[in-house]
Amino acid sequence: STTLRRGSVVVLRDDNEVVESAKTGREAQMANQLSYQFKNLQRGDSFTKGQMAKWKENMDGDDVHMVESCAREEMTRLGYFPVIVGIKAEPIHFTADLVEELEKDNTKLIEKMNNDLLDDNPEDFHRRKRQKSILNWLSQLRRVSFGQKTQRFVRDDAYDTDTDDMIDPSRDIENADTFASWPKEAYKVGFLSDEEVSDRFSIENTKYLLVEGGRGGRSRSFSIAYSAATQRGYYPQDRDKKNQDTFVSGVRSKSSTLFAVFDGHGNDGTACAAAAKDIICKQFLEKKKKMSFENMFNNAYKQANDTLAGSETIDASKSGTTAVSLCITDNGGVHVANVGDSRCLVISSSHQGGDQTVSVLTQDHTPDNVAEANRIKQCGGLVLTSDQYDRNKDDSIYSSEPQRVWSSEGKFPGTAFTRSIGDMVANELGVTSEPEHTISKLHKNDKMFVIGSDGIFDFISDDDIARISSQYSDPALVCKALVGISYKRWSDSEERTDDITVIVGKISTVKTGCLLC
């Protein structure tokens, strides 16, 4: 039998079932509609043997050795103990230099293959480009683990630590939005054991804040129940990599409250995020009454960036942090400052009491944003995908990879964002620490705010966040659900996961009334 491990599910399937599923399953049927080549999946053993023979004709012993060594290393990393059969030589040890050399060779071979195909059969070349884009698009929509209809055992409130019993919440895997530590029976979960996943997760208990309203009784009093959670990521080549995210939740000044998420990146990303957090908090607490929040945040972000630039202990040349800050004043004012691709949104109930609405108070600062890309280009930076850069820096070449910021003088820094604190090399190419601001008011229908790193929003849509959040009254449970779902979907789609952080605040009016103003 074959054991398939994916996300939080372990499924045992017979070998014949696996083969038949590959030939006739839903994914194969969808793929079959895209290209006649997928019909090869449904051909018999004679065709398979013929293809294998044809494949091996073009490979010498060194090629076979390379393929077997790659397979052995990958399976070893996943926890298996493979043995190379039929080759007497020792497996190849893939050093960083060798991997870099092989990647360059592979890039050249792929480029040659595509150019040859474009010359020999342009129609097939463009068909394959469309096919690739469709498959990439489908993969974004269909992040579903094996065993979709297998019941999921949740170990959270449903787990009895005294009896060690697992209680079935009677929901299938797609509808189970409760965060779980995952079943103990699973040896591997997203390439980590369930205990390792749990050890990487931390959460703040729900806290409560009562805001008495403005002077003279003109503003309605309201309360905020809030919680924050973070999940350390997983990198196969660096299992001990620290969580580079940090956050601020419920820091009070005389008349306002601060919430913020910092997503560090680069070798010194943890230190960059921590430094930015300390400086922005200090500026918030020391804000003068007559100073606007916009000016306060501008000064704080600039000071954080300047501090990193001049630091002798933190190397911020290619390290930095994104930062999204939310300040709620006691009279219901909402002030948001943001650099990078973290996000802040407010969830409101409709006036008719029906569906919820989502207001996104930030925009992602990435090269896909036309205004952001234009600024980078005006500052001398290039906005290209990695393979476009490799192919004569030609942005007219089709590529499914994400756009990044590059220098015309060399393939660096390669940032996927256009604003950040730190990243001094990218600063010279137009990546700025100047935050973008949103100013608004809390209304009586505003029920919740969510602030998170891109690890949340890359895998859960804004509308789904509203749907999931509405199922729980406790913000801590909302945090658990959002982090658990995004982590599971990420581990379903990739071998690695980045750090994931979210803050959730539930807003309630203490007195009935209309606008909080």
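## A tour from the α8/α9 crossing

Begin by selecting helices α8 and α9, where α8 passes α9 in a right-handed crossing. Keep in mind while looking that this is a predicted model. Two packed helices are described by the angle between their axes and the distance between the axes. In this pair, the axes come within 9 Å and cross at roughly 145 degrees.

Next, show the side chains where the two helices meet. On the α8 side the contact is made by Cys 272, Ala 275, Ala 276, Ile 279, Ile 280, Gln 283 and Phe 284, while the α9 side contributes residues including Phe 293, Met 296, Phe 297, Ala 300, Tyr 301, Ala 304 and Leu 308. Sorted by class, this contact holds 13 nonpolar and 4 polar residues, with no charged ones.

An α-helix has 3.6 residues a turn, so residues three or four places apart point the same way.

If you look for sulfur-sulfur links, a search of the whole structure finds 0 disulfides.

From there, move to Phe 417, which sits in the loop between β16 (410-415) and β17. Although this residue is placed in a loop, Phe 417 counts as buried because its relative accessibility is 9%, under the 20% cut-off. Setting aside residues up to four places away in sequence, Phe 417 touches His 265, His 365, Thr 366, Pro 367, Val 405, Asp 423 and Val 431. Draw a distance from Phe 417 to Glu 372 as well: the two are 45 residues apart in sequence, and their C-alpha atoms are 9.2 Å apart in space.

Finally, zoom out to the chain, which has 15 helices and 20 strands. Of its 517 residues, 43% are buried. Among contacts between residues at least 6 apart in sequence, 64% join residues at least 24 apart.

How values were computed: Residues are numbered from 1 along each chain as its sequence is written. This is a predicted model: local features need pLDDT of at least 70, side-chain atom pairs count only at pLDDT 80 or more; totals for chains, interfaces and linings use all residues. Side-chain values use heavy atoms; hydrogens and water are left out. Axes are lines fitted to C-alpha atoms, for helices over the stretch in contact, and angles run from 0 to 180 degrees between N-to-C directions. Helices (H or I, at least four residues) and strands (E, at least two) are DSSP runs, numbered from the N terminus. A crossing is left-handed if the near helix is turned anticlockwise from the far one by less than a right angle, and right-handed if clockwise. Contact means heavy atoms within 4.5 Å. Ala, Val, Leu, Ile, Met, Phe, Trp, Tyr, Cys and Pro count as nonpolar, Asp, Glu, Lys and Arg as charged, and the others, Gly among them, as polar. A disulfide is a pair of cysteine sulfur atoms within 2.5 Å. Buried means under 20% relative accessible area, exposed over 50%, partly exposed in between (1.4 Å probe, protein chains only).
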